[in-house]
Amino acid sequence: DKTMQYETIRYETEGPIAWITLNRPEKLNAINQAMAKELLSASDRAQLDDTVRVIVVKGEGRAFSSGLDLSPRIGQDLESEEDAARIKSELKSVFDAIMRFWDSPKPTIAAVHTYCIGAGMELALACDLTVADPDCRFGSPEVLYGSGAIALLLPFLCGPKRAKEILLTGSDRFSAKKVESWGLINRVVSEDSLFACARERALEIARNDRLAVQVTKQALNATMEIAAMRDALKHALDLASTLETTATPQTLEFDEILKNRGVRAALEWREEKLGHHGRVMRHEIG
């Protein structure tokens, strides 16, 4: 094993596989700008290593990822051009990291457990294959706190009706079985064999002709991109950035509670205000 040192991820190689591990377990691997930049760096490293044929991403600790880290939002003045530009820059970094797995010339696999939420779910969806444990929960709770999906892959992968159910409810309780039936993941396997399953799929891909695999992936992606998927994704990022940097009375109150009392209190306020019944991981995010 060759191990590279990063602050928010781990990068290891095992034969033809590059393992990239989200490594902020104390934050349930919430994705911040530092992690986004390190994911880009690790992807570059894997592309440049001729021995690597497949990239597998997984999460350290109790979950794959609880989504975008909300803590950088604390103390931001949404009416300040400087703070708004900083937020947009952070979202663009996360978008770029997610789409790097979609664009990677080498196939990508996500092995997800416990929680695969928000930007974490988008990262898993951007991978070519996704395997999940039976207890893994999926969802995109951004509408609960005035945000939008960063990389709007959902409608291209499961259709607009299902995408709207996921995104408009803000629920984070979609089961692995449900999202498998909707075509968002490939298979559900027991947690103790999750990484073994990802390894097995990676080795099956790795033994095939390198160029044929790369060109086949490009052709499959192009079937969606020709249908203007890329323009739609860019449009969705612009809308998410606008949402994230637009101050309304509700977002100002949310941000004030976030700043003074933390993420859990802010999301509890939001739930109480809206009477939302979904169970967001208030104690975990951010």
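Val131 has Arg187 as its bridge partner in strand 10. Strand 7 and strand 10 (residues 187–188) run parallel and share two bridges. Helices (H or I, at least four residues) and strands (E, at least two) are DSSP runs, numbered from the N terminus. Two strands pair if DSSP finds at least two bridges between them. Val131 is also the partner of Ala111.

This is a predicted model, in which local features need pLDDT of at least 70, side-chain atom pairs count only at pLDDT 80 or more, and totals for chains, interfaces and linings use all residues. Residues are numbered from 1 along each chain as its sequence is written, and side-chain values use heavy atoms, with hydrogens and water left out.

| Strands | Bridges |
|---|---|
| strand 5 (residues 108–112) and strand 7 (residues 129–132) | four |
| strand 7 and strand 10 (residues 187–188) | two |
| strand 6 and strand 8 (residues 137–139) | three |

Strands 6-8-9, in that order, form an open sheet with mixed pairing. Strand 6 (115–117) and strand 9 (174–175) are the edges, each with a single partner strand, so one side of each has no neighbour in the sheet. Ile117 stands opposite Gly139 in strand 8.

Helix 2 (residues 81–103) packs with helix 9 (residues 229–244) at about 155°, axes 10 Å apart. Axes are lines fitted to C-alpha atoms, for helices over the stretch in contact, and angles run from 0 to 180 degrees between N-to-C directions. The two helices are therefore roughly antiparallel (over 145 degrees).

Methods: Parallel < 35°, antiparallel > 145°, perpendicular 65-115°, else oblique.
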